Amino acid sequence: MPVVDARHLSGISETALLTLHHRATEAARAGGLLKDPMAITLRDSIDYDYDHFGRTHQLTALRALLFDNASRDYLKTQPRATVVSLAEGLQTSFWRLDNGELTWLSVDLEPIVHLREQLLPTSNRLHYCAQSALNYSWMERVDDSQGVLITAEGLLQYLERDVVFDLIVACAKRFPNGRLVFDSVPWFLSVYSRRVGFKLSKEYTAPPMPFWFTANEYNGLRAVPGIRAVRELRYPPGRGRLLSWAVPLVYGSSWFVRLRPTVTIVEFG
C-alpha cells in the first residue's frame, strides 16, 4: 500500500485514526486479543504521528471483538445480509467478517471514504457512501431482502440524544426485520468529557461525548414503535489479571449497570 498523509483529519474524523491505532497495536502484540492484519497494514500506510494520542489500551479491541461476535451471530442465520457500517471510520471489520456472501455498505464522510478507497482492497460486495450517517438517504441504497445488520461502533456518543433516537426510529421504520448494534458510554464519562475533556496526552483531547445511555434505560428503548427486542452484550474478558477479573464482575452485577459502557442489540419488527 502507498503511504498517504492523514494529518488533515480533525474533530470526530480524527478519532478514526485513534481507534485504528489501538486496534492495530493490539493486533500486533504476541497473543493479542484481536486478529487483524489489515488494521496493522492500514495504520502503517498512513502518515500520522500516532504518539500524538498517548498510550494505547485494549478496550477498543475488546469492543471490536464484541461487535464482531454480534455480527457473526446474525450472519449465521442471514449469511447474505447487507451489513451497514455507520461512520465506519478506518475500521477493517469487513475483512474479519467476510463470509463470501454478505454485502457491505460503509457510510462515512468524504475524507474518510477517500482514505479507505486509496488504501484498502476493493471487493464487488464492498460499497461506499460518502455522506453523514444522519443523512438518511443512505437507506435507499440498502437491499434488505436477505436481512440487514446496522452497526454504529464508536459513533453515537458524539451525537445529541434526540438525534440518536431519531436515527434509531428511522432505522426501525425502514428496516422492520433488521437489527442494530451500537455502543454507548455511561453518564459520568459523558459529563466528564463535556466539562473537563478527555485529555489523552499533552497534545490530544478527545471530542466531547454528549450522548450517554446504559442498560437501565432499556425499557424506554423498547417503547419505541417498531422495536421488538433490546438486550445488552457483555464485554469479553480482557488481557491481564485485572481486566480478566473486573470485566465479568462489572457485567455480571446489577450494581454496575449505570456505570459500565454498554453494547446494545436492537431487533426491529
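Tutor: Let us begin with a cut-off: a residue is called buried when its relative accessible area is under 20%. Keep in mind throughout that this is a predicted model.

Student: What makes Ser-93 buried?

Tutor: Ser-93 has a relative accessible area of 4%, and since buried means under 20%, Ser-93 counts as buried. Ser-93 belongs to helix H4, which covers residues 93-97, and, when neighbours within four places in sequence are left aside, Ser-93 is in contact with Trp-104 and Glu-153. Trp-104 in turn stands opposite Leu-126 in S5.

Student: Why are H1 and H3 called roughly perpendicular?

Tutor: The axes of helix H1 (residues 11-28) and helix H3 (residues 59-77) cross at roughly 85 degrees and come within 8 Å; angles of 65 to 115 degrees count as roughly perpendicular, and the two helices are therefore described in that way. On the H1 side, Thr-19, His-22, Arg-23 and Glu-26 meet Thr-60, Ala-61, Arg-63 and Ala-64 of H3, and the residues of this contact divide into two nonpolar, three polar and three charged.

Student: Why are S5 and S10 said to stand at the edges of the sheet?

Tutor: The open sheet has seven strands in the order S5-S4-S3-S6-S7-S11-S10, with mixed pairing. Strand S5 (126-130) and strand S10 (227-233) each have a single partner strand, so one side of each is left without a neighbour in the sheet. For S5, the pairing with strand S4 (residues 103-108) is parallel and runs over five bridges.

Student: How do you know that Arg-116 and Glu-88 form a salt bridge?

Tutor: Their closest N and O atoms are 3.4 Å apart, and the criterion asks for a side-chain nitrogen of Lys or Arg within 4 Å of a carboxyl oxygen of Asp or Glu, so the pair qualifies as a salt bridge. Arg-116 lies in helix H5 (residues 110-119) and Glu-88 in the loop between S3 and H4, so the pair ties together parts that are 28 residues apart in sequence. Arg-116 is buried at 1% relative accessibility, and Glu-88 is buried at 1% as well.

Student: What makes the pair of Arg-96 and Asp-36 a salt bridge?

Tutor: Their side chains meet at 2.6 Å, N to O, which is to be set against the limit of 4 Å. Arg-96 lies in helix H4 and Asp-36 in the loop between H1 and helix H2 (37-44), so this bridge ties together parts that are 60 residues apart in sequence.

Note on methods
Residues are numbered from 1 along each chain as its sequence is written. This is a predicted model: local features need pLDDT of at least 70, side-chain atom pairs count only at pLDDT 80 or more; totals for chains, interfaces and linings use all residues. Side-chain values use heavy atoms; hydrogens and water are left out. Axes are lines fitted to C-alpha atoms, for helices over the stretch in contact, and angles run from 0 to 180 degrees between N-to-C directions. Helices (H or I, at least four residues) and strands (E, at least two) are DSSP runs, numbered from the N terminus. Angles under 35 degrees count as roughly parallel, over 145 as roughly antiparallel, 65 to 115 as roughly perpendicular and the rest as oblique. Contact means heavy atoms within 4.5 Å. Ala, Val, Leu, Ile, Met, Phe, Trp, Tyr, Cys and Pro count as nonpolar, Asp, Glu, Lys and Arg as charged, and the others, Gly among them, as polar. Two strands pair if DSSP finds at least two bridges between them. Buried means under 20% relative accessible area, exposed over 50%, partly exposed in between (1.4 Å probe, protein chains only).
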